[in-house]
Amino acid sequence: MGKAFTGEPSNWTHGKAEVAPGVQLHFVDAKPPGGASSSSSSASSSSSSKGKTIILIHGFPQTWYCFRHVIQPLVDSGLRVIAVDYRGAGDSDRPRDGYDKMTMGKDIHTLYKEKLGIEKAIICGADIGSMVAVSLAVQFRDDVEALVTFEAPIPGTKAYDKATTDPSLTWPLFWHFFFHNIPDLPELLTQGKEREYISHFYHRLCYDPSFLTDADLEIYTKSFASSGGIRCGLDTYRAFSQDVHDLRDHLAKNGKANFPTLTMAGDASKFSLFIEDQTKELSNDVTYTEIPRSCHWIMEENPDDWVNAVRGFLKDKKVL
């Protein structure tokens with residue numbers, strides 16, 4: 001059976017901050033004992049935070065809630081944790097544009113750097129959140145301690161090109177990339193069936209479907225069934241063609257990054273076929289590991305081993 005979420009500890013606070021004109025991002029801020037004030041809405045209360053900060057960026061069809069099982073263990077390791085809803089998702093604003101990953105990465109950089117006063121952070125992304133994390137990290141290299149990505153083909157890499165053209169990968173994993181790019185039709189077909197569509201995603205790409213409880217599924221359904229939820233989620237896919245050019249041009253101009261980079265795949269996932277090579281296209285310092293008893297939703301399927309992998313990497317690289 002899935003691991004029940006028993007509620008948020010008292011050290012978790014919710015905040016919102018404007019990161020672009022008319023765009024506010026919602027985030028959960030969890031601090032270790034002795035950290036900054038629990039007020040998460042002002043830069044002054046956060047800039048004195050001790051230790052390191054990790055920014056968690058979810059994927060589709062998710063919100064910050066996908067990190068519910070790993071936030072407190074990371075806090076217990078001494079990290080301040082910021083789990084964010086990127087633009088268009090969860091309780092963040094849902095603008096009509098800006099779903100290219102460079103813009104989405106800039107949103108989150110503005111959140112932690114300018115709004116929360118955090119000088120440098122560990123950037124961690126899951127699924128589409130990995131695309132956002134990469135775009136943030138390569139744009140703002142001096143403000144990144146380390147990068148963690150998993151379970152995503154990154155537009156602009158050779159691995160992404162293979163993943164979206166090789167039938168052995170495209171049809172089992174990525175057929176929805178093409179479906180989501182059709183204007184209006186996906187919204188029409190999923191309206192009123194958001195729960196069924198989200199459930200299909202989770203069950204198709206998991207190791208053991210019991211990891212997701214009915215209560216968890218209801219939280220995701222409520223988010224994506226609300227006004228603009230599905231449209232914004234699909235718009236992150238509709239920006240992939242721009243993302244390809246943006247990242248490719250950026251790397252051609254600036255070269256690979258040098259910050260420590262961890263990439264992961266579930267041991268039951270086909271991402272293991274290409275994700276290490278993909279990450280070596282982006283970074284000169286790559287660590288790869290597979291997480292047992294998991295597929296695509298690693299931090300929900302096997303949160304304990306996910307945390308151990310992240311914590312071990314950060315300690316090995318002397319970041320933590």
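**Figure 1. Confidence along the predicted chain.** Mean pLDDT (the predictor's confidence in each residue, from 0 to 100) is 93 for the chain, with 94% of its residues at 70 or more. Over residues 36-49 pLDDT stays under 50, and the model has 28 contacts there beyond four places in sequence, a contact being heavy atoms within 4.5 Å. Residues are numbered from 1 along each chain as its sequence is written, and side-chain values use heavy atoms, leaving out hydrogens and water.

**Figure 2. The Asp216 and Arg68 salt bridge.** The closest N and O atoms sit 3.0 Å apart; a salt bridge here is a side-chain nitrogen of Lys or Arg within 4 Å of a carboxyl oxygen of Asp or Glu. Asp216 is in helix 8 (residues 214-225) and Arg68 in the loop between strand 3 (53-57) and helix 1 (71-76), so the pair ties together parts 148 residues apart in sequence. Helices (H or I, at least four residues) and strands (E, at least two) are DSSP runs, numbered from the N terminus. Asp216 is buried at 1% relative accessible area, and Arg68 is buried at 2%. Buried means under 20%, exposed over 50%, partly exposed in between (1.4 Å probe, protein chains only).

**Figure 3. Glu276 meets Lys280 in a salt bridge, 3.4 Å from N to O.** Both lie in helix 11 (residues 275-280), four residues apart, about one turn of the helix. Glu276 is partly exposed at 29%, as is Lys280 at 39%.

Note on methods. This is a predicted model: local features need pLDDT of at least 70, side-chain atom pairs count only at pLDDT 80 or more; totals for chains, interfaces and linings use all residues.
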